[in-house]
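Let's walk through this structure together, one question at a time.

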Amino acid sequence: MSPAGEPVRVQAIAQTRNSVVPPQYVQPPETRPAAKLTHHHKNEAAELSPPSINLAGEDTGRLKDEIGLACRDWGAFSVVNHGVPIELLDQMRRVGKSFFEECDMEQKLKYSCDPNSPASEGYGSRMLLADNDSVLDWRDYFDHHTLPLSRRNPAKWPHYQPNYREVVAEYSDQMKVLAQRLLGLISESLGLPSSCIEEAVGEFCQNITVGYYPPCPQPDLTLGLQSHSDMGAVTLLIQDNVEGLQVFKDGEWITVRPLHDGILVLLADQTEIITNGKYRSCQHRALTNAERARLSVATFHDPAKTRKVFPAFEPPIYHEVMYGDYVSSWYTKGPEGKRNIDALLIKY
Ligand code: OGA
Ligand code: NI
């Protein structure tokens, strides 16, 4: 961390046009984008990407089967014909991008998040508090607290674009409806009552994070976002047309093709616990590139901090956990792949 908590933003580093990234951003060889993985045969599956599922189809049996398969194989899938107006997705991308690209640093820093409290709302760069020796991500973000409504205070969101706050509020409401529908389908795909996972999660605590990845002079040495799985129940993600997001499947990193009309669904750790590991959370990361900035909007749906989460199947393979405790451990230990959820495995 910089001295006295002074804010550092990746975009400011990128704008210096230095051809070398500061050493804190250099990944060790084993986590660099091209690091050798245990798996060898370089696959013909370069074309492979998480399945795209049409939510408008008539055949709900087919829909549940497709969702079940995608959850089992990938922990991730895209949805199209999802009912959210494409214009709203575009507006969300547009206002998000304009904050990063049209405001000057002084305007942006007026919305700085609190560097001393984890997941605080606002403009920031570091995701983790436990800094020690962890390598920094080549990314800035703006985090919005959006649900429940008691957490939503649009006065904390940028006001430089006239419709910014309305767009974020509308986007939040629409993502909630879609997340509820998806958790219903995911529950049913396991033979559970439609409301099962949603009831286990309780009222959604929703955050919307706009991620901005400036061009990076050394993309081979850096990551936009280190490998992790999301902590909550389900994440809905849109991106612009610049590649960078990868999901880990069968020992390989696979780039998710950006879909203009689609929304990517990522299963997160609490869904893995509730489904008792029948569906595992998706491990993912973001790469950087030297040419173009990249934008993503991730909408997280989490349990409340006081919620106790446990498997819906017997015998449970995970211990019950209070969500707030899970989050604290994530922020102290760092994401490092999936090690946080593995710590909850019951040893029989
Ligand atoms: C995240 C995340 C991926 C991306 O914010 O948790 O995984 O493409 N984002 O920005
Ligand atoms: Ni994530």
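Q: Which residue of β10 is the bridge partner of valine 79?
A: This is a predicted model, in which local features need pLDDT of at least 70, side-chain atom pairs count only at pLDDT 80 or more, and totals for chains, interfaces and linings use all residues. Residues are numbered from 1 along each chain as its sequence is written, chains are lettered from A and ligands numbered from 1 in the order in which they are written, and side-chain values use heavy atoms, leaving out hydrogens and water. Strand β2 (residues 76-80) pairs with β10 in the antiparallel sense over four bridges; strands are DSSP runs (E, at least two residues), as are helices (H or I, at least four), numbered from the N terminus, and two strands pair if DSSP finds at least two bridges between them. Within β10, the partner of valine 79 is isoleucine 263.

Q: Which residue of β10 is the bridge partner of leucine 236?
A: Strand β7 (residues 234-239) runs antiparallel to β10, and four bridges join them. In β10, leucine 236 has as its bridge partner valine 265.

Q: How many residues of strand β10 are buried?
A: Buried means under 20% relative accessible area, exposed over 50%, and partly exposed in between (1.4 Å probe, protein chains only). Ile263, Val265 and Leu267 point one way from β10, while Leu264 and Leu266 point the other way, and all are buried. For strand β10 (residues 263-267), which is mostly covered, the count is five of five.

Q: What is the order of strands in the open sheet of eight?
A: Pairing in this sheet is mixed. Its edge strands, each pairing on one side only, are β1 (52-54) and β3 (122-124). Inside the sheet, nine bridges join β5 (residues 205-213) to β12 (residues 294-302), which run antiparallel.

Q: What is the order of strands in the open sheet of four?
A: Here the pairing is antiparallel, and the edge strands are β6 (225-228) and β9 (252-255). One pair is β8 (residues 245-249) with β11 (residues 284-286), joined over three bridges, where valine 247 stands opposite histidine 284. The order is β6-β11-β8-β9.

Q: Which residues coordinate the nickel ion (ligand 2)?
A: Donors are N, O and S atoms within 2.8 Å of the metal (3.2 Å for Na, K and Ca), and since water is not among the atoms, sites may look incomplete. The donors follow the spacing H-x1-D-x53-H along the chain. Aspartate 230 lies in the loop between β6 and β7 and histidine 284 in strand β11, so this pair ties together parts that are 54 residues apart in sequence. The coordinating residues, at 2.1 Å, are His228 (NE2), Asp230 (OD) and His284 (NE2).

Q: What is the relative accessible area of aspartate 230?
A: Histidine 284 counts as buried, at 4% relative accessibility. Aspartate 230 is buried too, and its value is 6%.
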